[in-house]
Amino acid sequence: KFGLSALHVIIGANDLAAITSLLDAGANCKGILVDFPDVPSEVKDLLSTKPGAQELATEYYFTYGSLKIGFPNHENEAKHLQKFAGKATTVEQYPLVVPHEKSCTNPNCPFLHQQASLVDNPGEGKHVQGEVFEVRTEDIVAFDKLEGFRGVIFNDNVYSRRIIDVDVEGKGTVSAYVYFTTSQEPMLQVAAGKADFVSEYLLDMAKGELKPQFEKLKDGKKSNRRASLARSNQRASNRDFISRMTMETDQANGMTDGKKTKSLQDHQNFFNRPLTQAPVCRFNSRLRNSIGSVQQTINTCNIASITLALKGLGFSCSVDDIFTSLRLPVGWVVDNGLTLAQVFNVLVKLSGSTYEGEQLLPNISVECYHFDKAVANLASFRDYLKLALTKKENVLIVNFNTKIARGIPKGGGHFSVISGYDDVTKMVSVADVHPLKYTAHWATSDESLFDSMVDKDSSSKCARGLIRVSLLTAGPNHNMEACRRSVSFCDAMFDTTEQVWLSRWGDLPTHCFNSHTNMGGLQTIALALSGFLSEEDYESIALPNHVTADFLAWTLSLNITDLLSNTIDPQTITDYTRSACDALSINLSVNTQEANLESVDSLSEFFSNNIGGSEFGVALVLVDINKALGFEIISVDEGSEAAALSHGCSHWCVVVSVVDTERLTNTAIIADPCMNRCGRLW
């Protein structure tokens, strides 16, 4: 279909020895460097010595959209469109898709307009009208950067370049370069009745009002650079940024601050400038060949993001592998999606589980950061990105609201992977796990991404955030420690004895203890007991690997109406726990003890003398969850039907240890039955 040769395949595999062998055997090199604008320098140096390597296969370029004369992006690329050949129509029919509503998924584009997409499905759609220009090699190189095209067989191209036949007025039929979208989302929009095939992209479709966040560009104080950005169209700003983000981190680190400043001063339009100098961004090159390789199924962006992150670290771990190894119920993952804390717990079990077959990723370090407004700030987030992405051993999974991050009318919670950060332009690139909907690679401002993570998850009522998955034991030194409340039982800050003790609760199945919040007291008993039981205990009571609140309610013949109506008091929780131990023949001592709450020190002393691995004990405690976290995550709508019946912020949980490490000083470790908020341990 694409007329590729063995040399194309070997270049795509980056096998220098095989490339040399093919060249020695007389392989045809005509146009090979045009087909691969983005190859390693050693490959480029080798091929550039061959005759015809940089020759174009055709001198014509066909544009159907914003590069047409008089359209928003023509002026930006005018030096590459100097010789107009004539108006033209494609010989074959193609789907040129334009949505009904004005929308723009690119947060860098200032306009809400009807974005056109040409799909490489010959025989469908209509004969497409456009314009043809005569071009040189350097012109095509510039368009490749604009459209995010790396090479003919790479799977992470934003747009793919092909040669098609077009009829040019006054010239007849010629072969011309054209760029097709790599996403099938436009065809899905047509199928859903939200877009149409058109034969010509009109100027009114390309124009649009300024997005709200760009309104301030109207006043006379805007800078030349931002004014230039406001005039540029969607694909110009996005594609050039993507091409910059795909450069290697070591190149970025080799550029001095002086060069960065001069580069910006030399180019008034930052996003459309030719990439003639080293970039100023941090791109995780480990992710480079994985972008676009993962397409989530329905509501599985959570697990799919884990798969993509692990690819970036060199691990082959499919979505099916994760579901199977941890025995995750499909309904638990898909029906309501997973919160940031739940995805963190899945990763913790994959990296350190003591259950047979669950530890797929030994020696992987995992850290979770919730961006609650009370503790997170943009400056710390920016510093963290710069530090974390300096190391290729770090991959960041991000949980965000798509409406806020992408500046679109509708959206919700989503997981993907951060692929790079440019600390000069304050832009973040995202490798998406839903290419069909969002494209495989897109960019947004760090402020928009930060705001989208501060947004609260509708199910946990907690902020979203990010997870660092790493081959390094220790993360970067940063100022986001207050955001890191979720705890991994296999964290290297704990000694082996403490890890084993914490694993009794942290390594329990991820999907357990998910009853109604008003059942929290009984769930806490079930959680506490589950950590003490052995495999033999579970066999004797005919349970798989944990106790549930429902099991206790049935076994103890408790009144469900009472459980759902009233917060269980300490004495009742003690009585229920004793009854459960008797019914299950568990030899545990259960006591009600009044802790001294006069000071932090007295409470700490109480915990130290009664709980932890050395004491083989835990404490069931009733807390105000808002005060425990230091900010409000539980609020009750006073006008709702449930308001009079809700337990509000009263929350039962299990204190399993008090630790004193370099990072956590005199800190209580909580095992929580409500894992979706903070994780199993926090």
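Predicted model: local features only at pLDDT ≥ 70, side-chain atom pairs only at ≥ 80, totals over all residues.
- Strand 19 covers residues 650-659, and five bridges tie it to strand 20, with the two running antiparallel.
- Zoom out and you get an open sheet of three strands, ordered 18-19-20, with antiparallel pairing.
- Going from one strand to the next, the twist averages 55 degrees.

**A helix across the sheet**
- Helix 20, made of residues 496-506, lies across strand 19 and strand 20.
- Its direction is at about 165 degrees to strand 19.

**Helix 25**
- This helix runs over residues 570-583, so to speak 14 residues in all, and spans 20 Å from first C-alpha to last, close to the 20 Å expected at 1.5 Å a residue.
- Which residues of helix 25 are buried? They are Ile-573, Thr-574, Thr-577, Ala-580 and Cys-581.
- Looking down the axis of helix 25, you'd find these buried residues within an arc of 130 degrees, so they line one face of the helix.
- What do they pack against? The buried residues of helix 25 meet helix 21 (520-532), helix 23 (549-555), strand 18 and strand 19.

**The ends of helix 25**
- Asp-569 caps the N-terminal end, with a side-chain oxygen 3.1 Å from the backbone nitrogen of Gln-571.
- Just past the helix, Ser-585 has a positive phi of about 55 degrees.

How values were computed:
Residues numbered from 1 in each chain as written. Heavy atoms only, no water. Pairing = 2+ DSSP bridges. Helix = DSSP H or I, 4+ residues; strand = E, 2+ residues; numbered from the N terminus. Axes fitted to C-alpha atoms, helices over the stretch in contact; angles between N-to-C directions. Contact = heavy atoms within 4.5 Å. Expected span 1.5 Å × (residues − 1). Buried < 20%, exposed > 50% of the residue type's maximum accessible area, 1.4 Å probe, protein only. Arc of directions from axis to C-beta. Polar contact = N/O pair within 3.5 Å; in protein donor to acceptor, adjacent residues only side chain to side chain.
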